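Here is a briefing on one protein model. Please keep the sequence and the coordinates open while reading.

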Amino acid sequence: MRISTAQMFNQTTTNVMKSQSATSKIMEQLATGKKVSTAGDDPVAAIGIDNLKQQGAVVDQFIKNIDYASNRLAVSESKIGNAENVVESMREQMLRSVNGTLSDADRQTIADEMRSSLEELMSIANSKDESGNSLFAGFKTNSEPFAFDNNGKVVYSGDSGIRDSVVASGVTVGSNIPGDSVFMNAANAIGDYSVNYSSTQQGSFSVESAKITDPTLPVAGNYTFDFVDNGAGGLDVNVTDSAGTVTTIPNFDATQPLTVDGIELQLKGTPQAGDTFGLAPEQNSNIFDTLNSAIALLEDGSKLNSPQGQAEMAQLLNNVSSGQEQMATSRSVAGNSLKSLENYTNTHKEEQLVNQSALSLLEDLDYAEAITEFEKQQMSLNAVSSVFSKVGSMSLFDYL
C-alpha cells in the first residue's frame, strides 16, 4: 500500500490538532475549575446543573425575603418592648397618684410627667424603619398612623394590613405588626360597657365587670342605674334603658351580681341611696385615650380624692392592664414569627449545602485527575509533533 506524502502530512496534522484541542480543553478546565462549561461537555450533567442552579436561586430569594422580614420584625418587637416600658412607668405613676396625702400640685407634677411619657409613646407608635416607612401603619407605610384629633382623642389612620413575605414554597410569614392590633383594640377590662360615674357619688364603689350574657336581650344604647332607699334598711336599683323603660331590682346585695336585660354586673364596694352611674356600650379601649383620661383626672384638682375619682381611676388602671396585655400579645406574635423565620433560615442553609455539594459533584473539576490528563496530552502532543517534524523533513535525497 502506497502512502503519499500529502496523505501522511494531513493525517499527522489532524493528530496534532486533536492533541492541541484536548490540551486546550484541559487548560480551560484548569483555569475555570469546572469540568462542565457547556451542554456539549456532558448533556446529562448539564441538565442536572441547570436544575440545581435554579433551585439555588429560589432558595437565595427565600433567604433574602427572610432577612427583610426578620429585620422589620426585630425592630418592631424592640419598639413594642420600649412601649411596654413607657406604659408600665405611667401605670406606676397612676398608682402613686392614688395617695390622699398628695396635694393638687403634686398630682399636677405627676400629670406633667405622664404627658411627656404619652408623647414618647406616640413617637414610638409612629416609628419608621431604615427606609422611612412607618412600622405600625399596616399597608399605609407612607403615612404617620397615630395622631390626636381636635377633641384630644387619638385616631389611627393606618389599616390592619399584614405584609406577607414568602419564606418557603407555599409558606408566608407576616413581616409587620399593624398598629391597631398593638395600641388600639385592647379588650375593655370590665367587659362590654364602660362606666360613667356621677360627680354626686357618695358611696365608695366601682363596677368590676359589665358583661352581656344574652346578646338577644339588651336594649341598644346606654343604661342608667339609680340606687334608692327601699324603706326597709336596704337599697333597690332602678335601671333605665335608652328607651326610657325602668326596671326595678329589689334588695340590692353587693356580693351578688346585678342582672338586667341579659347584662350582668358585679360591683365592688358599698353604694348609698342617691348614687347613680351609667353604662355605655364599649367593647374595646385604646391605651392612648386611657392614659390621656388618667392625665385629665390628675389635672382635675382634688377629684381623685372623691368616690367618683377613685372609681374612675380604678377603671382606668384596669384598662391600662388590658392595654399592656395587648402589647405583650403583639410582642409575642413578633417573637414567634422571628423564631419561625430562624427555623426556615436554618432549613434553607442546609438545603444550600446539599445543593452546593450536588452541584460540585456534577460541575467541579478534579484537579489531580485533570493535571495528570494534561501531562498525558502534553506528552502525546510533543511526541506527535516530534515525529511529524522528523518525518516531514525526510527526502529521497537524504539516501542518495
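The notes below go from the overall make-up to single elements and residues.

This is a predicted model, in which local features need pLDDT of at least 70, side-chain atom pairs count only at pLDDT 80 or more, and totals for chains, interfaces and linings use all residues. Numbering starts from 1 along each chain as its sequence is written, and side-chain values use heavy atoms, with hydrogens and water left out.

**Overall make-up**

- The protein has seven helices and 14 strands. Helices (H or I, at least four residues) and strands (E, at least two) are DSSP runs, numbered from the N terminus.
- Of its 400 residues, 39% count as buried. Buried means under 20% relative accessible area, exposed means over 50%, and partly exposed lies in between (1.4 Å probe, protein chains only).
- Take the contacts with a separation of 6 or more: residues 24 or more positions apart account for 67% of them. Contact means heavy atoms within 4.5 Å.

**The β7-β12-β11 sheet**

- Three strands form an open sheet in the order β7-β12-β11, with antiparallel pairing. Two strands pair if DSSP finds at least two bridges between them.
- β7 (204–212) and β11 stand at the edges with a single partner strand each, so one side of each has no neighbour in the sheet.
- The twist averages 20° from one strand to the next. Axes here are lines fitted to C-alpha atoms, for helices over the stretch in contact, and angles run from 0 to 180 degrees between N-to-C directions.
- Eight bridges join β7 and β12 in the antiparallel sense. Ser204 has Thr270 in β12 as its bridge partner.

- Strand β3 (residues 164–168) and strand β4 (residues 171–174) pair in the antiparallel sense over four bridges.
- Val166 is bridged to Thr172 in β4.
- Two residues separate the strands of this hairpin, and Gly170 in the turn has a positive phi of about 75°.

**Positive phi outside glycine**

- Asn251 has a positive phi of about 50° although it is not a glycine. Asn251 sits in the loop between β10 (246–249) and β11 (258–260). Its relative accessible area is 57%, so Asn251 is exposed.
- Asp261 also has a positive phi of about 50° without being a glycine. Asp261 is in the loop between β11 and β12 (263–270). At a relative accessible area of 25%, Asp261 is partly exposed.

**Aromatic pairs**

- The whole structure holds eleven aromatic pairs. Rings of Phe, Tyr and Trp (its six-membered ring) pair if their centres lie within 6.5 Å; planes under 30 degrees apart count as stacked, over 60 as edge-to-face and the rest as tilted.
- Phe146 and Phe183 are edge-to-face, because their ring centres are 5.5 Å apart and their planes stand at 85°. This pair links distant parts of the chain, with Phe146 in strand β1 (residues 146–148) and Phe183 in helix α4 (residues 179–184), 37 residues apart.
- Phe146 counts as buried at 1% relative accessibility, and Phe183 counts as buried at 0%.
- Phe227 and Phe277 form a tilted pair, 6.1 Å centre to centre with 40° between the planes. Phe227 lies in strand β8 (residues 223–229) and Phe277 in strand β13 (residues 276–281), so the pair ties together parts 50 residues apart in sequence. Both Phe227 and Phe277 are buried.
- Ring pairs link Tyr197, Phe205, Phe225, Phe227, Phe252 and Phe277 into a cluster.

**Helix α3**

- Helix α3 (residues 104–125) has 22 residues, which should span 32 Å at 1.5 Å a residue; its end C-alpha atoms are 31 Å apart, which agrees. The expected span is 1.5 Å times one less than the number of residues.
- Buried residues in α3 include Arg107, Ile110, Met114, Leu118 and Leu121.
- The exposed residues Ala105 and Glu119 are on the face of α3 turned away from its buried side.

**Gln310 in helix α6**

- Gln310 is found in helix α6 (residues 307–363). At 38% relative accessibility, Gln310 counts as partly exposed.
- Gln310 and Phe205 are 105 residues apart in sequence and 8.7 Å apart in space, C-alpha to C-alpha.
- Leaving aside neighbours within four places in sequence, Gln310 is in contact with Ser204, Leu304 and Asn305.
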